[in-house]
Amino acid sequence: MTTAASERATLDRVLALVGEPCRLERLLPSGETRSVDVQAAVRDYNAVEIGQSNGGLQAGFSKVIMSSTEIDAAGWPDLVTLATQTADDPRIPRRGDRFIVQGRARIVQAAWAAPRIGGELVRIEMTIK
């Protein structure tokens, strides 16, 4: 049986090999910016994916795959939000968050938890532009 911890460890090993250092940032209502450094695999969507998206994707959009490891370790976005959030998981980036890759600030368009294992967040995928 696969556990969330073993799947997360496998993903972390793969991202260490094929990923790159990135930074995820969220502007909090207080005006403060919370950031966390993550290792992520980032690739541009190809023409077929863009064509099949019925206008949802555009040239220049990229797909990101990252682990929840760094986010969990940092308590991102902040401990107050994590403790008081009741609906959506605040660890999952949301539209408008910034994602810095190769020194370039990109904007999160959508993000989702890849299938959870035993109810635990393991992998996060998102679209950035």
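In what order do the six strands close into a barrel? I looked this up in the predicted model, where local features need pLDDT of at least 70, side-chain atom pairs count only at pLDDT 80 or more, and totals for chains, interfaces and linings use all residues. Residues are numbered from 1 along each chain as its sequence is written, and side-chain values use heavy atoms, without hydrogens and water.

I read the order as 1-2-3-6-5-4, with antiparallel pairing; strands are DSSP runs of E with at least two residues, helices runs of H or I with at least four, numbered from the N terminus. Two strands pair if DSSP finds at least two bridges between them. The twist averages 45° from one strand to the next. I then checked strand 5 (residues 104–113), which five bridges join to strand 6. A110 stands opposite T127 in strand 6.

**Helix 1.** I found A4, R8, L11 and L15 buried (under 20% relative accessible area; exposed is over 50%, partly exposed in between, with a 1.4 Å probe and protein chains only). The buried residues pack against strand 2 (33–44), strand 3 (62–67), helix 3 (69–74) and strand 6 (123–128), contact being heavy atoms within 4.5 Å.

Conventions:
Axes fitted to C-alpha atoms, helices over the stretch in contact; angles between N-to-C directions.
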